[in-house]
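Here is a short tour of a protein model, stop by stop. Keep the structure open beside you and find each spot as you read.

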Amino acid sequence: MRTSFTLTFIRNSRPAAYIVSLAFVAASILMGISIGSLEIPIPSIIKVFLHEWFGIQGIETDPMQANIIMKIRLPRVLLAALVGAALAAAGAAFQGLLKNPLADPYTLGVSSGAAVGAVVTLFFGIQLPVIGGFTLPLLSVAAAVAVMFIVLFFARLVQPALTLSALILTGIIFSSFLGALISLMIALTGDDLKPIVHWLLGSVSMRGWSYIFLFLPFFICGTAGLLLNGRELNVMTYGEEKARLLGVNVEKRKIAVLISGSILTGAAVAVSGTIGFVGLVVPHVVRLLWGTDHRHLLPLSILNGAGFLVLADLAARTIIEPSELPIGIITALIGAPVFGIILIRRQRGGMHDAGRS
């Protein structure tokens, strides 16, 4: 009885939802830093943080452990957390906007578009003046935004009502086409771009602090754009006509959400490769646990997406240690069955509704 009461309280209480999510992120980050070829006790990690970040003197720290934490594991774990948060936020926003739990950056082809932008940049060695190192994420974001609008345009040509089947099929078609373009570029360059294959499967290995600083501006802009539209996403779930009657500029808000989600996806792909299913699984679980209010669904998805990808990266680097698996394999192994379960539930729900009518 006590356990049942606790679970009910957690599910129905907003503060409890944030407390649980924050605890999940904190625990995931500490595990990600602690576990590895060299085990580092959590008290030692806390001592290093107190000494390095807060300048507290008189704390004994192991120089080797401090070096591993601050230069290798912490930037890797933080980058995984930021990428997971970005993909989960984009997935939650796309699902809310399209009123469809099967929509995410992966299934809509946005991730593939971002990957093409990144690979083209690397393939041709593009370096834009002034922005320099930001060329890769900027072109990746631009490609993601372009593909998002192209998919929506063709889906509306197929079915003006923008149904689930039209959207998913269009996304799959464009993902396949863009995947073929990437394979063509890899084939044409021989051995030079073979490391890109590993990158495309997703990895946050050996990225360092520079990648975090590269990613942060896009992450802040994208998440701010989505969080500012939480109320409008709630209203639009009841239909565009009702949203207009309630004073929402539907077209403006839709474009803002699509661009913000594509910015997050494009930047995430630029720094970590294509990592699928995070934007599908995490928002779906958060929605089941804590409801569909996007004012809370978006930040809770951000927190849980961060924790989820940190744990996925931890699994990727420890399952076959000392070798590493691409993180995209781990998320696909988890996400593909969840995708199938969601699809089956939706189909059965539709059949039950048809039977009742």
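## A glycine tucked inside

Glycine 96 has a relative accessible area of 5%, so it counts as buried, since buried means under 20%. Keep in mind that what you're looking at is a predicted model. To find this glycine, look along helix α4, which covers residues 63-98.

Who does glycine 96 meet there? Leaving aside residues up to four places away in sequence, glycine 96 touches Leu233, Thr237 and His294.

## A serine in a loop

Now hop over to serine 205. You'll find this residue in the loop that runs between α8 (194-200) and α9 (208-227). Is serine 205 buried or exposed? Its relative accessibility is 16%, so serine 205 counts as buried, because the cut-off for buried is under 20%.

Serine 205 has contacts from elsewhere in the sequence, too: once residues up to four places away are set aside, it touches Arg76 and Glu324.

Rolling a probe the size of a water molecule over the atoms shows where empty space is left. In this model, there is one cavity of 30 Å³ or more, and the largest cavity holds about 30 Å³ of space.

Which residues line the largest cavity? They are Leu87, Asp104, Pro105, Tyr106, Ser111, Ile275, Gly276, Phe277, Val278 and Gly279. Sorted by type, this lining has six nonpolar residues, three polar ones and one charged one.

Methods: Residues numbered from 1 in each chain as written. Predicted model: local features only at pLDDT ≥ 70, side-chain atom pairs only at ≥ 80, totals over all residues. Heavy atoms only, no water. 1 Å grid on protein atoms, 1.4 Å probe; cavity = no way out; pocket = protein on both sides within 12 Å on 5 of 7 lines; lining within 4 Å. Points joined across faces, edges and corners; volume = space filled by probe spheres on them. Nonpolar A, V, L, I, M, F, W, Y, C, P; charged D, E, K, R; others polar. Helix = DSSP H or I, 4+ residues; strand = E, 2+ residues; numbered from the N terminus. Buried < 20%, exposed > 50% of the residue type's maximum accessible area, 1.4 Å probe, protein only. Contact = heavy atoms within 4.5 Å.
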